[in-house]
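Hi,

Here is the structure I promised to pass on.

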Amino acid sequence: MKDISCKVLVIGGGPGGYVAAIRAGQLGLDTVIVDPKPMGGTCLNVGCIPSKALIHAANEYRHVSKMARGERTPGVRVENPSFDLAAAVEWKDGIVARLNGGVAGLLKKAKVKTVRGWARFRDGKTVSVDTETGTQVIRAEEIVIATGSKPVELPFLKFGEKVLSSTEVLSLAEPPKRLVVVGAGYIGLELGTAYAKMGSHVEVVEAENRILPQYPADLTRPVAARLKDLGVVLHLGAKAKGLVGEDALLIETAGGRDERLPCDKVLVTVGRAPLTEGWGLEELALDMDGRFIAVDDRCRTSMRGLYAIGDVTGEPMLAHRAMAQGEMVAEIIAGHRRAWDKAAIPAVCFTDPEIVTVGLSEAEAKHQGIEVKTGQFPFKANGRAMTLEDEDGFVQVVARADNHQVLGIQAVGGGVAELSAAFSLALEMGAVLEDIAGTIHAHPTQSEGFQEAALKTLGHALHV
Amino acid sequence: MADKFDLIVIGAGPGGYVAAIRAAQLGMKVACVEKRDTLGGTCLNVGCIPSKALLTASEKYHEAKEELDRFGVDVGSVKLDLKKMMGHKDDVVKSNVTGVAFLFKKNKITWLKGLGTIPAPGKVQVEDAKGKKETYETDKILIATGSDVMNLPGVEIDEKQIVSSTGALDLAKVPKTMVVIGGGYIGLEMGSVWSRLGTKVTVVEFLDKIVPTMDEEVGKQFHRILGKQGIEFKLKTKVTAAKAQKSGVKLTLEPAAGGDAEEMKADVVLVAIGRRPLTDNLGLDKIGVETDKRGFIAVDEDFQTNVEGIYAIGDAIPGPMLAHKAEEDGMAAVEIMAGQSPHVDYNLVPGIVYTWPEVASIGKTEQQLKADGVAYKVGKFPFSANGRARAMNATDGFVKILADKETDKVLGCHILGPNAGDLIHEVATAAAFGASAEDIAMTCHGHPTLNEAVKEAALAVDGRPIHI
């Protein structure tokens, strides 16, 4: 097989990698991207997109189930709704396939060459790829490492038939009767909630003493309440110890007692680890930052011509952070003057209700020694939320007490994921409370909650 | 003579009640005159809120019937209980209007129940339902009387067979056929509600396009999508008469340009040709407050009329007839009275149509920019290329951003698509800052969200979207 020489080589076709490659191609750089799987990485194949599709289907099923019981949307009578997970999975697979094809098409349009296979560094400028038709050697002036991350496996709960990672749980033939989720972070709760809505009996085991430990506690309360409604049983401050017999998970409860949780499947979502093995990291001399590859504010590694982006470079492990890094690196390679200076990277949790955080929480700001003001506006005082039958949750603003600069915005509630861009933009523009309060927000929308939260922080909310 | 107030607001719609609350916060002694039995005006009682409650409920009904099997949700039978759905809508209205009553109490605002008139500057007379009149003295008066349905000559509204938006929110049964006169946002929203519930809806519009103020490209695709949903359109057509009969309403239509009349029948006719300022019962001519020939009150940039101490806001003055514009007017007007210097930029008022998909816009349309001779760039991005839209099974529509060719400043944004009404607020925030399209493009947008389509449209302004 003839060797390939190119300007830019991107290793990994996830959102970080493919965006870097497309942008590099747009800028006229001779670019190659390598991935063993269909383009799109974890996010598109077994992460964000397929999970949101199943969450959407589960939400709709939950809604009609409640309609059938006369608990939602009075006036619409539905009889005997049922859920066919296989059909939902097929629909989801169709979406993934179309998006895979879409990304492949975008790469082609940007004149990026795609090589399908597993890449391995030979040295800092050379990579060999195991393809279906043999070994392909690629030499590149600049290489972008975008290998992403993988689910963390627990040594006493190896992934297999019964113990699933976030990948396998997206392609089950039917909802397990009893599902135990180990880890109450956002991935575990998003998927656990979806299965509870599909009809599974779900129990969640979490080592910390509350769900979503990375989020401020007041934001997680509406989620905990919804889980309770759904009949999800929480075991907080508890440790999973392993499977016992055919169908039970042994845990140690907060009280130190052993307890057997009967289950048909166990979903382990205790975090993700950077994918730093199997692609020849040992052939390189990269500085590391703990488990992650160390990078500077231009995503440069310690070796000249080698960049790293996305989950392999650290937290937050989010697709949109990877994409923004990818875009930046491509521009830097093309000679643009760019550096990482994002004021805001939104974190969106597609639980029920959804959670959004941007910038600093009140506690984080105080921890930095900043004197802050905060204000919260509840959706139960928002007309649009009432018309949507979804009044749980609130928007909260954290601002400097002295000059009112907005430092952080948090929200929990139905559909708040779509409020996140306005939050990020406000932080990026360096908004003060008066800016948000003075921006005309349309009525009736949930977005009014943002304006009201700013007004509330200023001491004169209108609708509470 | 009863109590003396610092401010009497006439009308407790979103402009009036917000002004009253803000004034009370600023330390004024405030009263608000309202003739309805409940606060909240058109918006809360017979406008935005009940219509959105019915839009959501009817959407759920339609979805349960038609859409859910695509992703494995099977529903045996779906039946409509209209009475219950209306009851739900009434409950939503009730909790909203009692909410405002609570806010009045909390802010110590006096509610003067009855019809307000202005016998002289500094005086407001309130006539209650029994005809008892009381006059109150006040330092300042704020007119927030809002607007009313515009009538069409030859078409008498009876709110049963020939209805306004008010009657269309309260039909006792689902009509088989409905003619909506006027292809504006109210007609299309209410037409959508009844179409989803099973009515065959025909929209008759005088002009050659629906929602004529909308960006044309958005309007065209919007028209096509509504057509696919089963709504029929008769453009360039006028209704010259509509007569209620036992077996329905007989309409006479004519081509707008003139020509042969044709007849049409419908169970219900909705008149939605617009709204007019409701300023004729205040006694304005007696005290010399200027209005234009359509009844809009002329105000200066402090919202003050030509008579000192008398102010006006909302639908009663020129500008977009929207609840949130009235709210902003109201806040600004009383802050000005209190010596502050607020400002409302009508170019930054977002507008939303709550159909499915929604349409939201802010700033200039492409046609306006052309007419103004402004050099601009366009960036567009379709929801079919957005992952969240795919995962929601909602891929109709697109985002369009218009930016200044020289400076890249965002001049307008038009969104046709799911949740457009929330997505527009990122651009509203950006536009309030005078941001460039690049500012939006450089902001990190959460994945997977519909918001990403806004970012991509901003990138497209510079000719470099990633996902298309």
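**What I found**

Chain B splits into domain 1 (4-149 + 276-344), domain 2 (162-273) and domain 3 (348-461), with bounds that come from an automatic or database domain assignment. Before going on, please keep in mind that this is a predicted model, where local features need pLDDT of at least 70, side-chain atom pairs count only at pLDDT 80 or more, and totals for chains, interfaces and linings use all residues. Residues are numbered from 1 along each chain as its sequence is written, chains are lettered from A and ligands numbered from 1 in the order in which they are written, and side-chain values use heavy atoms, with hydrogens and water left out.

Back to chain B: taken over C-alpha atoms, the centres of domain 1 and domain 2 of chain B are 27 Å apart. Their contact (heavy atoms within 4.5 Å) takes 19 residues from domain 1 of chain B and 18 residues from domain 2 of chain B. Between them these two domains bury about 1,400 Å², 67% of it on carbon and sulfur atoms; that is the accessible area (1.4 Å probe) lost on putting the two parts together, summed over both.

What about charges? The rule finds three salt bridges across this interface, each a side-chain nitrogen of Lys or Arg within 4 Å of a carboxyl oxygen of Asp or Glu. On the domain 1 side of chain B that touches domain 2 of chain B, α3 (48-66) and α4 (82-106) of chain B each supply at least two residues. The largest share of that side, nine residues, comes from α3(B). Helices here are DSSP runs (H or I, at least four residues), and strands are too (E, at least two), numbered from the N terminus. Separately, the side chains of B:Glu59 and B:Arg196 meet in a salt bridge at 3.5 Å, N to O.

One loop to look at in chain B runs between β12 (200-204) and α7 (216-228), and B:Thr213 lies in it. Is B:Thr213 buried or exposed? B:Thr213 is exposed because its relative accessible area is 68% (exposed is over 50%, buried under 20%, partly exposed in between; 1.4 Å probe, protein chains only). Its C-alpha atom is 8.9 Å from that of B:Gly184, 29 residues apart along the chain.

Over in chain A, helix α4 (residues 85-109) has 25 residues. Among the buried residues of α4(A) are A:Leu85, A:Trp91 and A:Leu107. Just after α4(A), A:Lys111 takes a positive phi of about 60 degrees.

Cheers

How values were computed
Expected span 1.5 Å × (residues − 1).
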